[in-house]
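Trainee: Please pick one part of this structure and go through it closely. I would like the charged side-chain pairs and their setting, with the cut-offs stated.

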Amino acid sequence: MTPGGGSGPMKDCEYSQISTHSSSSPMESPHKKKKAAPKRKWEVFPGRNKFFCNGRIMMARQTGVFYLTLVLILVTSGLFFAFDCPYLSEKITPAIPAIGGILFFFVTGTLLRTSFSDPGVLPRATPDEAADLERQIGNTEDIANGSSSGGYRPPPRTKEVIINGQTVKLKYCFTCKIFRPPRASHCSLCDNCVERFDHHCPWVGNCVGKRNYRFFYMFILSLSFLTVFIFAFVITHIILRSQQTGFLNALKDSPASVLEAVVCFFSVWSIVGLSGFHTYLISSNQTTNEDIKGSWSNKRGKENYNPYSYGNIFTNCCAALCGPISPSLIDRRGFIQPDTPQPAAPSNGITMYGATQSQSNMAAATPLLQSEPSITSEELPLPGKTTIGPPCATLTLGQPTPPSSMPNLTSETGLTDMIRLKEEHEGHQFLTPEEAPSPPGMLPAGSPITHSHTMHILSLASQDSLHEDSVRGLVKLSSV
């Protein structure tokens, strides 16, 4: 090889190899990338909820009615304190605005506490937990059916447990992948399973469950007192003014009192009725969901009774209103651990459970079942061409035939390249040592062919023959 003719192409080849190596392996220099800030769990929460103040406030997605509730309370109370309380405190007693202020702050506080808190959302099962649960269910079904043959089967919808001598069914939630505990239910609006689910209340913009039920009850009870209080003293204000100036003049002098009386009159019936209904539920230790479904109604049978009732109204009320508040189970402000192993999602986007996941584990343990880079004509060695890596490194002698479903052997691109390469080599004719021309610069004109020259040409021909056999073997392998 001459210094002038061979150094230029070789340098270009070396430079291209270096640039390809550095650009095709970005994972080798992780220090150059900026570390992503850790996310909190509320940022990837699967339910349909809104979060504010970095996850401290949790509400339902539909919050329009909640803002209407807040506006009605603020406007009605504000008009009462601005137009009625000055006259009433002067004519009757200054305790009226003080009592009204206490009720107003108590109503507002319990409303915000009910709306902004976690009602008792149950965390969803992780893919590993769901797979283990469904695998156990599948084994149970196989034993019950007397067969051990696999195949995915939907899990049963219920399990039965005994609570205080009463049989209670636990339903399976296909969204959360868990068996819901007793008294829990899945809210279709928030898309969460809520512990001791009572109902979804759009007026507070949240579900009502185990962790915020007492605040909801105190809200509607105090709102009932506030509504009756404002309505009663607004009527008193109008009557006192009408005794001095007449009824029509009293309405003209205080038009805000008329608006307050109308709002309170139409809302007091529903609020007081709702408070009485939930007082009955607390005294019998029931939920709205159980009462509507008639879960513990005597109509279902004489032996049907509420297993959660303590048998005493006072004890039931103390358990609902004075018991300890359980901590939140979703840990919405916790950080997501980056080193937590996550199962690889399948390519079709369907989560694999049971027998399907065990097959994927076998595929991960078998090299031939994993995806391999496609074999193209650029990776095959040609005589006289410098290759970067060893040829056909992914297929070794003695390996079993890969399945026909793998993309590297059945892809049209790789198969077309191999067939075209085969056709090019079929028309190639090898030269004998006498017919082979001398390489330029290596053998002077007129010089006889020596034994070393003959062996060099024969080695080139043998390499070309071996390459042709390997290409034919690959074509036959792909056709199988």
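Mentor: Charged pairs and their setting

Aspartate 132 is partly exposed because its relative accessible area is 37%, which falls between the limits for buried (under 20%) and exposed (over 50%), with a 1.4 Å probe and protein chains only. The model is predicted: local features need pLDDT of at least 70, side-chain atom pairs count only at pLDDT 80 or more, and totals for chains, interfaces and linings use all residues. Residues are numbered from 1 along each chain as its sequence is written, and side-chain values use heavy atoms, with hydrogens and water left out.

The partner of aspartate 132 is arginine 135, and their side chains meet in a salt bridge at 3.7 Å, N to O. The term requires a side-chain nitrogen of Lys or Arg within 4 Å of a carboxyl oxygen of Asp or Glu. Arginine 135 is also partly exposed, since its relative accessible area is 34%. Both residues lie in helix α4, 3 residues apart, or about one turn of the helix. An α-helix has 3.6 residues a turn, so residues three or four places apart point the same way. Helices (H or I, at least four residues) and strands (E, at least two) are DSSP runs, numbered from the N terminus.

Glutamate 134 forms a salt bridge with lysine 177, with 3.9 Å between the closest N and O atoms. This pair links distant parts of the chain: glutamate 134 is in helix α4, while lysine 177 is in the loop between β4 (166-173) and β5 (178-179), 43 residues apart. Glutamate 134 counts as buried because its relative accessible area is 9%.

Aspartate 118 and arginine 211 form another salt bridge, their closest N and O atoms being 3.9 Å apart. They too come from distant parts of the chain, 93 residues apart: aspartate 118 sits in the loop between α3 and α4 (127-145), and arginine 211 in the loop between β9 (206-208) and α5. Both aspartate 118 and arginine 211 are buried. In the whole structure, a search finds 7 salt bridges.

Arginine 196 lies in the loop between β7 (192-194) and β8 (199-201). Its phi is positive, about 45°, although arginine 196 is not a glycine. Arginine 196 counts as buried because its relative accessibility is 15%. Aspartate 331, in the loop between α9 (313-321) and α10 (355-365), also has a positive phi, near 50°. Aspartate 331 is partly exposed, since its relative accessible area is 41%.

Serine 185 is in strand β6 (residues 185-187) and is buried because its relative accessibility is 12%. Leaving aside neighbours within four places in sequence, serine 185 is in contact (heavy atoms within 4.5 Å) with Arg180, Asn192, Cys193, Val194, Phe197 and Asn289.

As for the chain that holds these pairs, its secondary structure comes to 13 helices and 9 strands. Of its 480 residues, 34% are buried. Among contacts between residues at least 6 apart in sequence, 64% join residues at least 24 apart. Helix α2 supplies some of the buried residues, including Phe66, Asp84 and Tyr87. The buried residues of α2 pack against β2 (57-60), α3 (95-116), α5 (213-245) and α7. Phenylalanine 266, in helix α7 (residues 255-284), is instead exposed because its relative accessible area is 63%.
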